[in-house]
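Visitor: I've got a model open and a few things to ask about it. Could you walk me through some of its packing and backbone features?

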Amino acid sequence: MSEPSPPTRVRPKRPEPKPGILDITPYKPGKSKAEGFARPIKLSANENILGSSDKARAAYVAAAERMNVYPDGRADALRQAVADHFRLEPERLVFGDGTDEVLHLLNQAFLELGDNIVMGQYGFGAYSIGARASQGEVRMAPEPDYRLSVEALLKLVDERTRLVFVTQPGNPTGTFLTREDLNALHQGLPPDVVLVIDAAYAEFADDPRFDEGLDLARSAQNVVVTHTFSKIYGLAALRVGWAYCPAHIADAVDRIRPPFNTSIAAQDAAIAALADEDFKRRSFELVVRWRAWLQQQLGGLGLDVVPSQANFVLVGFPQAPGRTAAEAEAFLARKGLIVRGVANYGLPDHLRITIGLEEHNRALVVALSEFLGG
Ligand SMILES: Cc1ncc(COP(=O)(O)O)c(C=O)c1O
C-alpha cells in the first residue's frame with residue numbers, strides 16, 4: 001500500500017508564518033514613562049513597590065562569579081526550595097522563564113488545530129496568545145460583575161476543549177473564585193481537560209474564602225497551579241515562574257521546555273527571596289493596608305471600585321466627557337503617576353492601579369479628586 005501524499009502547498013513569495021499568527025494582538029505592557037518626569041511613580045505593572053529582598057539581591061550579585069557556565073537546567077536547588085516551602089513533590093514542578101513561558105508550554109503541549117481553550121473574558125492575555133500560537137481556538141466566558149462564573153466557563157467546554165484557564169485572583173479584575181466555586185469548576189470538567197489555576201497574585205489575598213488551588217493540584221490528575229517570583233517576591237526582571245502539575249503533565253511539558261530556561265542568577269535570587277519571610281510579610285502587609293484604604297478613598301470619590309484581592313485595584317470611571325478613564329490616565333501622567341489603561345482587556349472605562357507606597361497612594365487620591373472636581 002502506498003503512503004498518503006502530504007497536502008500540496010502553493011509557495012508564497014516570502015516566508016509566511018502559519019495561519020492565525022498575524023491575527024494575534026501583541027501583548028501590550030504597562031507604560032513606564034511620563035513626559036517631564038525622570039522618575040515617575042509607576043503603578044501600571046503590578047510590580048512589588050518595595051523593590052526586592054536584600055538577600056535576593058546579594059544572591060544575584062554573587063551569581064556574577066558564574067556567568068561563564070550554564071545553569072542547572074532542572075533548577076534542582078530551586079526545585080527543592082519551592083517543594084519544601086509549599087509542601088510539594090519536587091518532581092512535579094516545572095520552572096519557566098517567568099510564568100509566561102510555562103503558560104506557553106502548557107498550550108504547546110496540549111493544543112492542536114481544532115482544539116480550544118476556555119478562559120474568562122477579562123483573562124490574562126498570555127493564555128490566549130499562547131493558545132493561538134498553537135493554533136487553538138480561544139473561548140471567552142462572560143464575567144458578570146467582573147467575576148469568573150463557573151457556569152459560564154463550563155458552558156463553553158466541549159469535546160475539543162483541552163485547557164481551562166482561571167486567574168486566582170484575576171488580572172485585571174482582582175476578583176476570585178471561592179474554594180467552593182473552584183471545586184465545582186473542577187468537578188464539572190471532563191477528566192481529560194486541564195484546569196490551569198494561575199496564582200500569580202495569590203500571596204496578596206487575605207479573604208478566608210480564597211484558595212490558590214494547590215490542595216486540588218496535590219490530588220487531582222488534571223489540575224495545574226502556576227506561581228511567579230515576579231510579584232510578592234519582587235523578581236519580575238529575573239523571569240522565574242513555576243507550575244505544579246500532575247506527574248504525567250510535568251513530564252510532557254519538561255520535554256519541550258528549553259533546556260536552560262532559568263538563569264543561575266534567577267535561580268539563586270529566587271531561592272534567597274523564598275527564604276526572606278520578612279520581605280514577603282512587609283510586602284503583604286503594605287498591600288493589604290493600602291488596598292483597603294485606596295478602595296475606600298476611591299469609592300468615596302464616586303468611582304466604581306471592584307473589590308480586589310491582588311496588589312492592584314480595577315477602578316471604573318464615568319463615561320461623561322472630561323471624566324473618562326482615558327482622560328484620567330492622561331491627567332495622572334501629567335502629575336507623574338502612571339496607571340494602566342485596560343481598554344485592550346475590553347474595559348475602556350476602567351483603569352488598573354497598582355497599590356503603591358503610602359505617599360504614592362495619597363498622591364493618587366489627591367490627583368483623582370482634583371481630576372473629578374475640576
Ligand atoms: C495573571 C498573571 N499571570 C502571569 C503573569 C506573568 O508572570 P511572570 O512575570 O512570571 O511571567 C502575570 C504578570 O503580570 C499576570 O498578571
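Visitor: At what angle do the axes of helix 3 and helix 4 cross?
Guide: Keep in mind that this is a predicted model. Helix 4 covers residues 125-133, and its axis comes within 8 Å of the axis of helix 3. The crossing is right-handed. As for the angle, the two axes cross at roughly 40°.

Visitor: So are helix 3 and helix 4 oblique or parallel to each other?
Guide: Angles under 35 degrees count as roughly parallel, and 65 to 115 as roughly perpendicular. The crossing here is at roughly 40°. Helix 3 and helix 4 are therefore oblique.

Visitor: Which residues of helix 4 are met by helix 3, and what kinds of residue make up the contact?
Guide: From helix 3 come Asp100, Leu103, His104 and Asn107, and they meet Ala126, Tyr127, Ile129, Gly130 and Ala131 in helix 4. Sorted by type, the residues of this contact are five nonpolar, three polar and one charged.

Visitor: How far does helix 10 reach between its end C-alpha atoms?
Guide: Helix 10 runs over residues 277-300, which gives 24 residues. At 1.5 Å a residue it should span 34 Å, and the model agrees, so the end C-alpha atoms are 34 Å apart.

Visitor: What do the buried residues of helix 10 pack against?
Guide: The buried set includes Phe279, Leu286, Trp290, Trp293 and Leu298, and also Lys280 and Arg291. Their packing partners are helix 2 (76-86), strand 9 (304-306), strand 10 (312-316) and helix 12 (358-373).

Visitor: Is helix 10 roughly parallel or roughly perpendicular to helix 12?
Guide: The axes of these two helices come within 11 Å and cross at roughly 5°. Since angles under 35 degrees count as roughly parallel, helix 10 is, relative to helix 12, roughly parallel.

Visitor: How do the residues in the contact of helix 10 with helix 12 divide by type?
Guide: On the helix 10 side there are Trp290, Trp293, Leu294, Gln297 and Leu298, and they meet Glu358, Asn361, Arg362, Leu364, Val365 and Leu368 of helix 12. By type, that contact divides into seven nonpolar, two polar and two charged.

Visitor: Is glycine 174 buried or exposed?
Guide: Glycine 174 belongs to the loop between strand 5 (161-167) and helix 6 (179-188). Beyond its neighbours within four places in sequence, it is in contact with Pro169, Pro307, Ser308, Gln309, Ala310 and Phe312. Its C-alpha atom is 7.0 Å from that of phenylalanine 312, 138 residues apart along the chain. With 0% relative accessibility, glycine 174 counts as buried.

Visitor: What is the phi of arginine 239?
Guide: Arginine 239 falls in the loop between strand 7 (223-228) and strand 8 (240-244). With a relative accessible area of 25%, arginine 239 is partly exposed. Its phi is positive although it is a residue other than glycine, with a value near 65°.

Terms used
Residues numbered from 1 in each chain as written. Predicted model: local features only at pLDDT ≥ 70, side-chain atom pairs only at ≥ 80, totals over all residues. Heavy atoms only, no water. Helix = DSSP H or I, 4+ residues; strand = E, 2+ residues; numbered from the N terminus. Buried < 20%, exposed > 50% of the residue type's maximum accessible area, 1.4 Å probe, protein only. Contact = heavy atoms within 4.5 Å. Axes fitted to C-alpha atoms, helices over the stretch in contact; angles between N-to-C directions. Parallel < 35°, antiparallel > 145°, perpendicular 65-115°, else oblique. Left-handed = near helix turned anticlockwise from the far one by under 90°. Nonpolar A, V, L, I, M, F, W, Y, C, P; charged D, E, K, R; others polar. Expected span 1.5 Å × (residues − 1).
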